[in-house]
Amino acid sequence: MQTISEPIAFFLPGWPLVLSPPLWIALAVVAAALAGEWVRRYLRLPRITAYPVVGMLVAAVAGDRLVAEHDQWLRWGLNVALAILLFELGSRVDLRWLRHNRWLLLTSLGESLAAFGTVFVISRYLGIAPEAAAMLAAIGMATSPAVIVRVVTESNAQGQVSTRLLVLTALNTIYSVVTVHLLIGALHQRYSGDWVLAISHPLYLLGAGLLVGKLLAVSVSRLRHWLVLRDEYASIILLGLVLMTIGLIEALRLPVTLCMLFAGIVLRNGERRAWVFPEHFGSVGGVLVVLLFLVVGIQIKLEHLLTGGALALLLIGGRSLAKLCGVLLFARPAGISWRQGLLLGVALSPAAGPVMVAASDLGQIYPQLQGTLMPVAMSAAAIMELAGPVIVALCLKLSGERRE
Amino acid sequence: MNSENQNELPEFSKSDALTLGIELELQIIGGQDYNLIGAAPDLLREMANRKHPGDVKPEMTDSMIELSTDICVDYNDALRQLLSIRNQLVNQADRLGILLSGGGTHPFQHWSNQAIFDAPRFHLLSQLYGYLAKQFTIFGQHVHIGCPCPDRALWLLHAFNRYIPHLIALSAASPFVQGIDTGFQSARLNSVFAFPLSGRAPFVLSWDDFNAYYRKMIATGVVKSMKDFYWDIRPKPEFGTIELRVMDTPRTVERAAQIAAYAQALARYLLEERPIEPREDDYLVYTFNRFQACRFGYDGTLVVPGTAEQRNIGDDIIRTMAAIDVHAYDLGSTEALNRLRTDVLQSRNGASQLRACFAKEKSLEEVVRQSSELWAGRPESQ
């Protein structure tokens, strides 16, 4: 500041101009959006494939202080984006379908358990401590809800592969979050030797999570009796409700993931009336979604991609293969062809960025874990953040369910 | 495509008089957004190797499927077969997380979203008719009535023209098209009109004359086979039947069977009592009557062919029912006729139910959801 020449007049700015970080972030958003359009037009891929890449490049150029300085409000924005996506995902889970088709439930359990087992074994092989390996395995169960919802919505895909993809993702995200929190409970016991704490913590998270979800679902459902929720203006009320819920969730120190998924599921299954997710609601969230994937990209550093290297690839490969096998095992009895099973299994491979964020929170709570959990896992996550959307998009394209 | 060409009209097969065959085109609906979904290949794959009467076949677009019965002797037989196929289909649809529904149109689908089913005939039709082929995402009920001799079949075909408005009014279940209330009770038939060879069959009463007409049409190159005629009633020589094609797919299989039973009793009445002798001039009022039935259903006006007498379509159905009651009794379909009569007296058909449902729920998605539950035999409030 001292080197800046004094302005000529009192109302003129100093030179060089002092640009605030939000301006840079806005610039990144514009760049990401443009790159998204480019990718869509020339590579025929969903827009979100471009966002993390742009984020990574921006971080490489500008350094990650961009995010660090505005952690607070960015985090809020990300939470809202994530919340809307998870709400939408939850509202696409038809529990009646799971009742009619038990094999689908078995598929879900199969692929999640296989992923858990495989990731655990590989992590142990890589020399990661049992607790950290279990945590990693729990995270590895989840397919990225954000990636799946965005790619499916954007390609307007409909059919057995895309619908099952949504349902399986919602379910494995629930398993994953629950397991992660049960593990936290276990770690509580391990680290502080307090049994009551260890048991009541996950119970609180699940019980209160369901309650908050139910609260949101009930208010939306009430609202819809006298409002056309597909109306653009009604979606503002919806957004407000979601914001309030997030506030409540944060005040209660609950996982956003779980609460919003529960809210969606309760809304869809609580009454029999047809529920269609309002499209304008999605477009409000659209801007935030760009931000979400952008920030995910910003957190990826080039060295992340390299340090984990072959080990990260082993982890990714093993996990993807496990999910694929889990799906294929039950494909025919569950009512899909081998080909659909193959595409569905592969499409489940994107790892869950948001759950990763939860994991980095864990790192803050338990610094002991940070050292062991991070390098390979972050590397694997980074690779999947970049590759995941492309993989899902290609699977949907091959399934013939894309209707753009 | 040569297999589709029929330069010669096939022999008219012998079939037992007044046997029935029913075909229903169904809507396949996605469980997520209640729009049509191209799940016919999935459904057909899961239905393969399952035992049921009749047949399940692909149709023009991926979001349609056609079920058909075997030859049925009477109403109860038809109903039993339809219920059995329906239950199998619904079981598979439940496994796939999709819905099935009756009704002549999907209330809010956009035809531009439809994919043409991957089979040569359908691609050829799509090339020929362009957007008309996709707009043909409409769902009808076809009823075959067995005739032992082709000349009798043609006579019956033309004798039936006077009663076409009855069949339309009884089955009408397509008031909504592409998200709007068309004001019609059967808007589906408006889509059929767009085809060049739709409408009525030429007035010939002997099979030889019909054969001559067919050869002339083939010679013009306009048609390649009987399938290219989209007439309201057409002879089906392979089966030895006449095929009534004006009905919307009703909202339940029960209603489909009742309508077939009405047509069967009507055919028996016409053939045995010969109350009318069909003439070319009967067709002077044909399209007027047909329009009235599509637009207003039971409340439409029907001009009795050969007279200037105007009647309310609903009244005319009730009067006809009185005339054919004894035949319905002999055929074992008294119950079917009684149910239809009640509905006519209460002005109830698929279209009025759909409108009532929309007025109550104010959401076409919810209308579609309730329709599919009704079709599955799990009605909630209606």
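These legends describe close-up views of a predicted model.

The model is predicted, so local features need pLDDT of at least 70 and side-chain atom pairs count only at pLDDT 80 or more, while totals for chains, interfaces and linings use all residues. Residues are numbered from 1 along each chain as its sequence is written, and chains are lettered from A and ligands numbered from 1 in the order in which they are written.

**View 1. Chain B meets chain A.**
Chain B gives 20 residues to the contact, and chain A gives 15 residues. Two residues are in contact if their C-beta atoms, placed from the backbone, lie within 7 Å. On the chain B side, helix 1 (40-47), helix 2 (75-96) and helix 14 (364-375) each supply two or more residues. Helices here are DSSP runs (H or I, at least four residues), and strands are DSSP runs too (E, at least two); both are numbered from the N terminus. The chain B side holds nine charged, seven polar and four nonpolar residues. Ala, Val, Leu, Ile, Met, Phe, Trp, Tyr, Cys and Pro count as nonpolar, Asp, Glu, Lys and Arg as charged, and the others, Gly among them, as polar.

**View 2. Strand 5 of chain B, covered on both faces.**
Strand 5 spans residues 140-146 of chain B, and seven of its seven residues are buried, so the rest of the structure largely encloses it. A residue is buried if 20 or more other C-beta atoms lie within 10 Å of its own, exposed if 12 or fewer, and partly exposed in between; C-beta atoms are placed from the backbone. One side carries Gly140(B), His142(B), His144(B) and Gly146(B). The other carries Gln141(B), Val143(B) and Ile145(B).

**View 3. The strand partners of strand 5 in chain B.**
Strand 1 (residues 20-30) of chain B runs antiparallel to strand 5, joined by five bridges. Two strands pair if DSSP finds at least two bridges between them. Leu20(B) stands opposite Ile145(B). Strand 11 (residues 241-248) of chain B also pairs with strand 5, antiparallel, over six bridges. There, Gln141(B) has Met247(B) as its bridge partner.

Just after the helix, Asn156(A) takes a positive phi of about 50°.

**View 4. Around Ala157(A).**
Ala157(A) is buried, with 24 other C-beta atoms within 10 Å. Not counting residues up to four places away in sequence, Ala157(A) touches Val152(A), Ser162(A), Leu396(A), Glu401(A), Arg402(A) and Arg403(A). Lys397(A) lies 240 residues from Ala157(A) in sequence, but 8.7 Å away in space, C-alpha to C-alpha.
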